[in-house]
Amino acid sequence: MWLSSLHRITGLLLSLGAVALAIWLIALATGADSFAAVARVYGAAWFKPLLVGWAFCFFYHLANGVRHLAWDAGYGFDPAHIRASGWTVVVVAFAAAAAFSYAAII
Amino acid sequence: MSLMTPLNRVLGLGKGAGAAEHWWLQRMTAVALLPLGLWLAYELLMLPGFDYASVVAWVREPATSILLILLVVAAGYHSAYGVQVVIEDYVPGKGMRAATLMASTLAHVALTIAAVFAVLKIAFGP
(Lines give C-alpha, C1' and ligand atoms only; values in the text may rest on other atoms or scores of the structure.)
Protein backbone atom coordinates (compact mmCIF):
# COMPACT_ATOMS: atom_id res chain seq x y z
CA MET A 1 0.00 0.00 0.00
CA TRP A 2 2.66 2.42 1.15
CA LEU A 3 5.15 1.28 -1.51
CA SER A 4 2.41 1.64 -4.15
CA SER A 5 1.97 5.33 -3.29
CA LEU A 6 5.74 5.68 -3.42
CA HIS A 7 5.71 4.23 -6.95
CA ARG A 8 3.40 7.04 -8.05
CA ILE A 9 5.27 9.74 -6.16
CA THR A 10 8.68 8.66 -7.51
CA GLY A 11 7.14 8.40 -10.99
CA LEU A 12 5.85 11.98 -10.81
CA LEU A 13 9.20 13.22 -9.50
CA LEU A 14 10.96 11.36 -12.33
CA SER A 15 8.73 13.23 -14.81
CA LEU A 16 10.25 16.42 -13.39
CA GLY A 17 13.70 14.82 -13.62
CA ALA A 18 13.00 14.07 -17.28
CA VAL A 19 12.26 17.78 -17.77
CA ALA A 20 15.68 18.55 -16.25
CA LEU A 21 17.28 16.01 -18.59
CA ALA A 22 15.49 17.53 -21.60
CA ILE A 23 16.64 21.03 -20.59
CA TRP A 24 20.21 19.67 -20.30
CA LEU A 25 20.07 18.21 -23.85
CA ILE A 26 18.42 21.30 -25.34
CA ALA A 27 21.03 23.58 -23.73
CA LEU A 28 23.76 21.29 -25.10
CA ALA A 29 22.34 21.61 -28.62
CA THR A 30 21.97 25.39 -28.24
CA GLY A 31 25.68 25.93 -27.62
CA ALA A 32 28.56 26.14 -25.15
CA ASP A 33 27.25 29.27 -23.38
CA SER A 34 23.73 27.97 -22.71
CA PHE A 35 25.17 24.62 -21.63
CA ALA A 36 27.53 26.36 -19.21
CA ALA A 37 24.60 28.29 -17.73
CA VAL A 38 22.57 25.11 -17.17
CA ALA A 39 25.64 23.19 -15.94
CA ARG A 40 26.26 25.94 -13.39
CA VAL A 41 22.78 25.39 -11.91
CA TYR A 42 22.97 21.57 -12.05
CA GLY A 43 26.44 21.64 -10.49
CA ALA A 44 25.48 24.02 -7.66
CA ALA A 45 25.53 22.77 -4.07
CA TRP A 46 21.80 23.46 -3.56
CA PHE A 47 20.99 21.33 -6.63
CA LYS A 48 22.83 18.20 -5.41
CA PRO A 49 20.02 17.03 -3.09
CA LEU A 50 17.70 17.12 -6.12
CA LEU A 51 20.10 14.95 -8.14
CA VAL A 52 20.48 12.48 -5.25
CA GLY A 53 16.69 12.45 -4.85
CA TRP A 54 16.19 11.74 -8.55
CA ALA A 55 18.76 8.91 -8.33
CA PHE A 56 16.71 7.31 -5.53
CA CYS A 57 13.43 7.84 -7.43
CA PHE A 58 15.01 6.29 -10.53
CA PHE A 59 16.29 3.13 -8.82
CA TYR A 60 13.16 2.73 -6.68
CA HIS A 61 10.76 3.18 -9.62
CA LEU A 62 12.87 0.82 -11.75
CA ALA A 63 13.10 -1.93 -9.12
CA ASN A 64 9.46 -1.61 -8.07
CA GLY A 65 8.52 -1.45 -11.76
CA VAL A 66 10.02 -4.91 -12.24
CA ARG A 67 7.84 -6.04 -9.31
CA HIS A 68 4.75 -4.57 -10.99
CA LEU A 69 5.61 -6.25 -14.31
CA ALA A 70 5.96 -9.58 -12.49
CA TRP A 71 2.50 -9.07 -10.92
CA ASP A 72 1.06 -8.22 -14.37
CA ALA A 73 2.49 -11.52 -15.61
CA GLY A 74 0.82 -13.30 -12.67
CA TYR A 75 3.87 -13.97 -10.48
CA GLY A 76 4.53 -13.17 -6.84
CA PHE A 77 1.06 -11.96 -5.92
CA ASP A 78 0.65 -13.87 -2.63
CA PRO A 79 1.11 -11.93 0.64
CA ALA A 80 4.43 -13.56 1.63
CA HIS A 81 6.00 -12.84 -1.76
CA ILE A 82 4.63 -9.30 -1.83
CA ARG A 83 6.25 -8.50 1.52
CA ALA A 84 9.59 -10.11 0.61
CA SER A 85 9.82 -8.44 -2.81
CA GLY A 86 8.77 -5.12 -1.28
CA TRP A 87 11.67 -5.17 1.18
CA THR A 88 14.04 -6.29 -1.58
CA VAL A 89 13.00 -3.32 -3.70
CA VAL A 90 13.53 -0.86 -0.83
CA VAL A 91 17.00 -2.25 -0.02
CA VAL A 92 18.07 -2.39 -3.69
CA ALA A 93 16.84 1.17 -4.31
CA PHE A 94 18.68 2.63 -1.31
CA ALA A 95 21.90 0.72 -2.08
CA ALA A 96 21.93 1.57 -5.80
CA ALA A 97 21.02 5.22 -5.20
CA ALA A 98 23.74 5.56 -2.54
CA ALA A 99 26.39 3.94 -4.77
CA PHE A 100 25.39 6.01 -7.82
CA SER A 101 25.24 9.26 -5.85
CA TYR A 102 28.63 8.58 -4.27
CA ALA A 103 30.26 7.80 -7.64
CA ALA A 104 28.63 10.38 -9.91
CA ILE A 105 27.08 13.19 -7.90
CA ILE A 106 28.98 13.78 -4.63
CA MET B 1 -28.91 2.44 -21.85
CA SER B 2 -26.33 2.59 -24.61
CA LEU B 3 -26.90 4.02 -28.08
CA MET B 4 -24.07 1.96 -29.50
CA THR B 5 -24.66 -1.10 -31.58
CA PRO B 6 -23.41 -4.33 -30.03
CA LEU B 7 -20.96 -4.65 -32.94
CA ASN B 8 -19.33 -1.28 -32.17
CA ARG B 9 -18.96 -2.21 -28.54
CA VAL B 10 -17.32 -5.49 -29.45
CA LEU B 11 -14.92 -3.64 -31.77
CA GLY B 12 -13.70 -1.62 -28.80
CA LEU B 13 -15.35 1.62 -29.81
CA GLY B 14 -17.14 2.04 -26.50
CA LYS B 15 -16.18 4.17 -23.50
CA GLY B 16 -12.94 2.28 -22.92
CA ALA B 17 -11.71 2.62 -26.48
CA GLY B 18 -7.93 2.61 -26.55
CA ALA B 19 -7.58 1.79 -22.84
CA ALA B 20 -6.11 -1.65 -23.52
CA GLU B 21 -3.63 -0.19 -26.01
CA HIS B 22 -2.66 2.48 -23.48
CA TRP B 23 -2.17 -0.14 -20.78
CA TRP B 24 -0.07 -2.26 -23.13
CA LEU B 25 2.10 0.66 -24.35
CA GLN B 26 2.70 1.68 -20.73
CA ARG B 27 4.11 -1.81 -20.01
CA MET B 28 6.04 -1.92 -23.29
CA THR B 29 7.77 1.42 -22.60
CA ALA B 30 8.44 0.24 -19.02
CA VAL B 31 10.23 -2.85 -20.37
CA ALA B 32 12.17 -0.68 -22.87
CA LEU B 33 13.15 1.77 -20.11
CA LEU B 34 14.71 -0.96 -17.94
CA PRO B 35 17.81 -1.43 -20.15
CA LEU B 36 17.72 2.16 -21.48
CA GLY B 37 17.60 3.67 -17.98
CA LEU B 38 20.40 1.43 -16.68
CA TRP B 39 22.41 2.24 -19.82
CA LEU B 40 22.05 6.00 -19.16
CA ALA B 41 23.06 5.59 -15.50
CA TYR B 42 26.13 3.59 -16.58
CA GLU B 43 27.08 6.11 -19.28
CA LEU B 44 26.77 9.04 -16.87
CA LEU B 45 29.06 7.18 -14.45
CA MET B 46 31.60 6.58 -17.24
CA LEU B 47 31.60 10.13 -18.69
CA PRO B 48 35.09 11.63 -18.37
CA GLY B 49 33.53 14.96 -17.36
CA PHE B 50 30.34 17.01 -17.46
CA ASP B 51 31.93 19.88 -19.43
CA TYR B 52 30.57 20.93 -22.86
CA ALA B 53 33.24 19.20 -24.97
CA SER B 54 33.00 15.84 -23.15
CA VAL B 55 29.20 15.73 -23.23
CA VAL B 56 28.98 16.76 -26.92
CA ALA B 57 31.56 14.12 -27.88
CA TRP B 58 29.51 11.52 -25.99
CA VAL B 59 26.12 12.49 -27.49
CA ARG B 60 27.63 12.58 -30.97
CA GLU B 61 28.63 8.90 -30.95
CA PRO B 62 26.04 7.14 -33.16
CA ALA B 63 25.21 4.50 -30.54
CA THR B 64 24.67 7.22 -27.92
CA SER B 65 22.48 9.32 -30.25
CA ILE B 66 20.26 6.36 -31.15
CA LEU B 67 19.91 5.08 -27.58
CA LEU B 68 19.27 8.60 -26.26
CA ILE B 69 16.46 9.12 -28.80
CA LEU B 70 14.94 5.75 -27.90
CA LEU B 71 15.17 6.67 -24.22
CA VAL B 72 13.65 10.13 -24.71
CA VAL B 73 10.71 8.77 -26.72
CA ALA B 74 10.06 5.84 -24.35
CA ALA B 75 10.38 8.08 -21.27
CA GLY B 76 8.17 10.76 -22.87
CA TYR B 77 5.38 8.27 -23.54
CA HIS B 78 5.77 6.47 -20.21
CA SER B 79 5.68 9.77 -18.31
CA ALA B 80 2.73 11.14 -20.31
CA TYR B 81 0.67 8.05 -19.56
CA GLY B 82 1.75 7.85 -15.91
CA VAL B 83 0.86 11.50 -15.30
CA GLN B 84 -2.46 10.97 -17.13
CA VAL B 85 -3.43 8.18 -14.72
CA VAL B 86 -2.60 10.41 -11.73
CA ILE B 87 -4.59 13.34 -13.21
CA GLU B 88 -7.60 11.08 -13.85
CA ASP B 89 -7.44 9.85 -10.25
CA TYR B 90 -6.91 13.13 -8.39
CA VAL B 91 -7.98 16.19 -10.40
CA PRO B 92 -11.63 16.99 -9.53
CA GLY B 93 -14.22 18.26 -12.01
CA LYS B 94 -14.65 17.17 -15.62
CA GLY B 95 -13.55 20.47 -17.18
CA MET B 96 -10.57 20.92 -14.87
CA ARG B 97 -9.53 17.32 -15.47
CA ALA B 98 -9.73 17.71 -19.26
CA ALA B 99 -7.77 20.99 -19.19
CA THR B 100 -5.02 19.54 -16.95
CA LEU B 101 -4.81 16.44 -19.12
CA MET B 102 -4.51 18.53 -22.28
CA ALA B 103 -1.80 20.75 -20.76
CA SER B 104 0.16 17.70 -19.61
CA THR B 105 -0.09 15.95 -22.97
CA LEU B 106 0.93 19.06 -24.92
CA ALA B 107 3.90 19.66 -22.59
CA HIS B 108 5.00 16.03 -22.95
CA VAL B 109 4.80 16.08 -26.75
CA ALA B 110 6.61 19.46 -26.97
CA LEU B 111 9.47 18.49 -24.62
CA THR B 112 9.90 15.04 -26.17
CA ILE B 113 10.17 16.45 -29.68
CA ALA B 114 12.48 19.25 -28.53
CA ALA B 115 14.79 16.74 -26.80
CA VAL B 116 14.85 14.44 -29.86
CA PHE B 117 15.60 17.43 -32.07
CA ALA B 118 18.42 18.49 -29.70
CA VAL B 119 20.08 15.06 -29.95
CA LEU B 120 19.75 15.07 -33.76
CA LYS B 121 21.16 18.60 -33.98
CA ILE B 122 24.20 17.57 -31.95
CA ALA B 123 24.61 14.31 -33.87
CA PHE B 124 24.48 15.95 -37.29
CA GLY B 125 25.87 19.33 -36.22
CA PRO B 126 29.21 20.89 -37.19
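**Reading the chains and their contact**

Analyst: Of the contacts in chain A between residues at least 6 apart in sequence, 74% join residues at least 24 apart. Two residues are in contact if their C-beta atoms, placed from the backbone, lie within 7 Å. This is a predicted model, in which local features need pLDDT of at least 70 and side-chain atom pairs count only at pLDDT 80 or more, while totals for chains, interfaces and linings use all residues. Residues are numbered from 1 along each chain as its sequence is written, and chains are lettered from A in the order in which they are written.

User: What does the secondary structure of chain A come to?

Analyst: Helices (H or I, at least four residues) and strands (E, at least two) are DSSP runs, numbered from the N terminus. Chain A has four helices and zero strands.

User: What radius of gyration does chain A have, and what would a compact globule of 106 residues have?

Analyst: The radius is taken over C-alpha atoms, and the globule rule is 2.2 Å times the number of residues to the power 0.38. Chain A has 17 Å, whereas a compact globule of 106 residues would have a value near 13 Å. Along the principal axes, the C-alpha atoms of chain A fill a box of roughly 55 × 25 × 20 Å.

User: How many residues of chain B are in contact with chain A?

Analyst: In chain B, 25 residues are in contact with 23 residues of chain A. Two or more residues on this side of chain B come from each of α2 (19-46), α3 (52-60), α4 (62-90) and α5 (94-124) of chain B. The largest share, eight residues, belongs to α2(B).

User: At what angle do α3(B) and α5(B) pack?

Analyst: Axes are lines fitted to C-alpha atoms, for helices over the stretch in contact, and angles run from 0 to 180 degrees between N-to-C directions. Here the angle is about 95°, with the axes of α3(B) and α5(B) 8 Å apart. α3(B) is therefore roughly perpendicular to α5(B) (65 to 115 degrees). In this packing, V56(B), V59(B) and R60(B) of α3(B) meet V119(B), I122(B) and A123(B) of α5(B).

User: Why does Q84(B) count as partly exposed?

Analyst: A residue is buried if 20 or more other C-beta atoms lie within 10 Å of its own, exposed if 12 or fewer, and partly exposed in between. Q84(B) counts as partly exposed because it has 17 C-beta neighbours inside 10 Å. Q84(B) lies in helix α4 of chain B and, leaving aside residues up to four places away in sequence, touches L101(B) and S104(B).

Note on methods
Parallel < 35°, antiparallel > 145°, perpendicular 65-115°, else oblique.
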